[in-house]
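Subject: Handover of a structure for your review

Dear colleague,

Please find the structure below, together with its sequence. I would be grateful if you could read the notes that follow with the structure open beside them.

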Amino acid sequence: MATEHDINLVTDQCSTVIAENKRVTIGTSKAAITPATMQAMVGIKNGTALRVHPNVTATISALTSEASANTALSAQASSVLSKLTSAQSGLLPSGNHASFGQTLQMAQGHCNDAKDLQQAQDFLIDKDYPDFGSGITNLSSMSDRGLTNQFGDLTAAGKAISSTGSMFNGISVDKLGTPVGMVESLNKNKLGNASGINAKLLSSGVNMNDLSNPIYSDKISQSLSSINDPTTISVVAEQYGIGSTFKGIPAATGSDLSLYTGASNLVGGQY
Amino acid sequence: MATFGTTQQVGTFNPGTTQEEDQAALNDFLNSGGINNSFGELSSGSDKIQNLSELGDPTKLVPPSDLSGLTTNLTGIGSKFKDMGAGTVIDASAAENTFGKLETVQTPITDSSYSSMGGMIDSAKSQMSPMVGTGTGSGGLPTVRDFIHPVAGGSVYDDIAANGLNATNLAELDSLLDNATDLRSKAGIDLSSPPPQTLGTTMNFGTSLHKWGADMSEGGIGNSLREMADTSTSEGEALAASLAEGRNNAVLSANGIGPIQTNPFAGLPSQEPSDPNQGAKLFGGSPSSEPVSTSSASGFSQQGGSFGSGQIQGQTGTGLEGLNQTLSGDYDTSGMAADQAKLDDFTSSGGLDNAFNQLNR
């Protein structure tokens with residue numbers, strides 16, 4: 001299975017890449033003007049590149065004969081002949097085959113639209129709103145992807161996410177607000193040892209290389225809850241830009257400065 | 001107040017102070033509000049953030065009024081976004097702005113009219129169908145040939161040509177012609193007023209041949225045009241060849257082989273023939289500096305002036321002539337015999353002439 005940004009094929013002349021599981025042509029040389037197409041254009045201009053299909057010509061002959069004969073099909077043959085020759089002169093006017101190109105473009109556009117529409121209709125007709133995600137129950141919730149139904153209030157959800165500062169930046173969204181996400185973030189920001197969380201986790205028997213394993217969920221949560229040193233909380237909050245909280249950051253007493261003096265990479269200290 | 005770093009640089013101790021002085025500075029810092037001051041509304045008490053875990057809990061971080069209406073927690077929010085295809089959080093601070101841009105529209109009329117999505121789609125399908133028309137394609141959809149069979153032919157024409165007219169194929173042809181007229185009307189194709197033949201319409205047709213040639217499916221344009229190409233003329237042969245080029249280009253391109261370059265100047269800015277060097281640059285500029293010899297070379301010019309100009313000492317002429325004279329000039333080349341030999345080889349084989357010819361062209 002292709003992975004994100006898996007370059008599939010790149011040469012000096014053309015290249016394709018699979019990005020986000022979608023194959024995208026990122027470079028193909030344009031060569032629509034060639035000796036062949038140039039000569040074809042001459043034929044398009046002069047009306048010499050295309051001709052009516054031979055079997056259409058044969059059909060016209062047959063219709064002409066039938067129309068002039070006194071048979072049961074004569075009247076209909078005459079009518080069909082008229083329709084056919086009229087359409088022919090419109091589609092491929094003598095000396096102006098370029099107009100046929102426009103007819104082709106418009107016909108193809110119509111066919112493509114029809115195909116796209118039918119494919120979507122066929123796909124959707126046996127689906128219902130909940131098939132497209134949690135919180136999607138009707139046309140309204142389809143338009144906001146079910147977010148309002150799922151979160152209750154989008155503004156409040158935005159404030160909730162923003163309130164954690166940069167703590168979950170760089171963390172997978174499915175770990176947003178989770179103890180595992182917090183621990184990953186602390187270590188990513190070189191706060192794992194300084195904050196003491198790594199020591200707590202190790203002493204609890206948590207495998208640091210397997211933090212996402214559900215068997216460690218409770219221990220990780222308990223470990224985070226057990227770190228209540230005000231200085232540690234203050235510095236971690238500062239590092240994440242959680243500057244002003246509703247509850248308030250506990251006051252540092254100055255009795256424990258090990259965090260400051262022991263981790264130069266934490267706060268940019270110089271000694 | 002004593003110096004003890006700042007709130008932005010907590011821990012920046014002055015290496016020249018004693019521990020007692022540091023302690024005094026720290027006491028000053030704490031007495032003046034310390035970290036509390038930097039965080040604003042802080043005070044001691046049991047209602048403060050109690051542990052590290054609470055730093056990830058919005059209910060401890062923002063007033064309840066800000067979270068009014070929120071029916072889930074951060075984990076629920078993350079889970080929903082994961083389901084929607086989100087990956088990694090880039091900047092959580094952008095959440096309010098992003099969410100503020102999302103719009104929710106109430107749709108009570110639709111909700112009361114259709115009990116399910118399928119019902120609404122079914123209704124829309126029946127409404128749109130008359131605009132689509134019918135044809136001989138998959139699912140009854142029209143193909144390009146359904147529009148142009150009066151000139152491109154098709155199975156009914158093949159039947160008439162092979163077996164002659166009869167009531168069945170005549171009726172079928174009659175029906176197909178009516179349908180073609182209907183389809184062209186639906187697509188907005190007015191055969192009574194074709195566009196004038198211009199360079200644009202001619203080029204548009206010609207340069208589309210590669211694209212159309214890549215699709216030789218039954219009912220497609222490429223297939224129809226191939227059958228209409230008048231191969232009794234050079235132009236008809238060229239049209240058939242163009243379609244083949246397009247198809248072959250598509251096959252080869254999928255294997256990393258691009259088309260033949262027939263217009264290397266496509267997209268390049270035009271330039272005046274009288275000033276062939278304009279717009280063509282070999283090098284970018286850099287600050288001038290003395291050349292550094294790797295042997296015992298001497299005699300390089302101390303004068304200013306650009307290389308190849310008449311200002312260089314010992315050189316006359318400019319441009320290519322100047323360069324050639326520079327290379328063959330009367331320089332002290334002691335210690336550079338090997339270099340000179342290589343240089344001679346280079347110049348005698350065309351060297352710079354060859355390179356500059358490209359620019360002069």
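This is a predicted model: local features need pLDDT of at least 70, side-chain atom pairs count only at pLDDT 80 or more; totals for chains, interfaces and linings use all residues.

Overall picture of chain A

Chain A comprises 271 residues, of which 40% count as buried. Its secondary structure consists of 13 helices and three strands. If one takes the contacts in chain A between residues at least 6 apart in sequence, 34% of them join residues at least 24 apart.

The interface between the chains

The interface involves 141 residues of chain A, which are in contact with 143 residues of chain B. On the chain A side, helix α4 (residues 98-124) gives the most, with 17 residues. By class, the residues of chain A that touch chain B divide into 65 nonpolar, 60 polar and 16 charged.

Helix α1 of chain A

Helix α1 of chain A runs over residues 35-46. At 1.5 Å a residue, its 12 residues should span 16 Å, and the end C-alpha atoms are 17 Å apart, which agrees. The buried residues in α1(A) are Ala36(A), Thr37(A), Gln39(A), Ala40(A), Met41(A), Gly43(A), Ile44(A) and Lys45(A). What covers them includes elements from both chains: α4 of chain A, and α11 (199-213) and α13 (234-253) of chain B. After α1(A) comes Gly47(A), which has a positive phi, near 75°.

For the pair α8 (residues 144-152) and α10 (residues 167-186) of chain B, the axes come within 8 Å and cross at roughly 125°. That angle makes α8(B) oblique to α10(B). The crossing of these two helices is left-handed. From α8(B), the contact is made by Asp146(B), Phe147(B), His149(B) and Pro150(B), and from α10(B) by Leu176(B), Leu177(B), Asn179(B), Ala180(B), Leu183(B) and Arg184(B). By class, this contact has six nonpolar, two polar and two charged residues.

Helix α10(B) also packs with helix α9 (residues 155-163) of chain B, at an angle of about 150° and with the axes 10 Å apart. The two helices, α9(B) and α10(B), are therefore roughly antiparallel to each other. Their crossing is left-handed. Val156(B), Asp159(B) and Ile160(B) of α9(B) make the contact with Asn169(B), Glu172(B), Leu173(B) and Leu176(B) of α10(B). The classes represented are four nonpolar, one polar and two charged residues.

In the remaining pair, the axes of helix α12 (residues 221-228) of chain B and α13(B) come within 9 Å and cross at roughly 155°. This makes α12(B) roughly antiparallel to α13(B). Here, too, the crossing is left-handed. Gly222(B), Leu225(B) and Arg226(B) in α12(B) meet Leu239(B), Ala240(B) and Leu243(B) in α13(B). Four nonpolar residues, one polar and one charged make up this contact. Helix α13(B) was also mentioned above, among the elements that cover the buried residues of α1(A).

Individual residues of chain A

Asn55(A) lies in helix α2 (residues 54-68) of chain A. With 20 C-beta neighbours inside 10 Å, Asn55(A) counts as buried. Leaving aside its neighbours within four places in sequence, Asn55(A) is in contact with Gly153(B), Tyr157(B), Asp158(B) and Ala161(B).

Arg145(A) has a positive phi, near 60°. Its place is in the loop between α5 (139-143) and α6 (147-151) of chain A. Arg145(A) counts as partly exposed, with 19 C-beta neighbours inside 10 Å; a residue needs 20 or more to count as buried.

Lys190(A) likewise has a positive phi, near 60°. Lys190(A) lies in the loop between α8 (179-188) and α9 (197-203) of chain A. With 13 other C-beta atoms within 10 Å, Lys190(A) is partly exposed.

With kind regards

Definitions and conventions. Residues are numbered from 1 along each chain as its sequence is written. Chains are lettered from A and ligands numbered from 1 in the order in which they are written. Helices (H or I, at least four residues) and strands (E, at least two) are DSSP runs, numbered from the N terminus. A residue is buried if 20 or more other C-beta atoms lie within 10 Å of its own, exposed if 12 or fewer, and partly exposed in between; C-beta atoms are placed from the backbone. Two residues are in contact if their C-beta atoms, placed from the backbone, lie within 7 Å. Ala, Val, Leu, Ile, Met, Phe, Trp, Tyr, Cys and Pro count as nonpolar, Asp, Glu, Lys and Arg as charged, and the others, Gly among them, as polar. Axes are lines fitted to C-alpha atoms, for helices over the stretch in contact, and angles run from 0 to 180 degrees between N-to-C directions. Angles under 35 degrees count as roughly parallel, over 145 as roughly antiparallel, 65 to 115 as roughly perpendicular and the rest as oblique. A crossing is left-handed if the near helix is turned anticlockwise from the far one by less than a right angle, and right-handed if clockwise. The expected span of a helix is 1.5 Å times one less than its number of residues.
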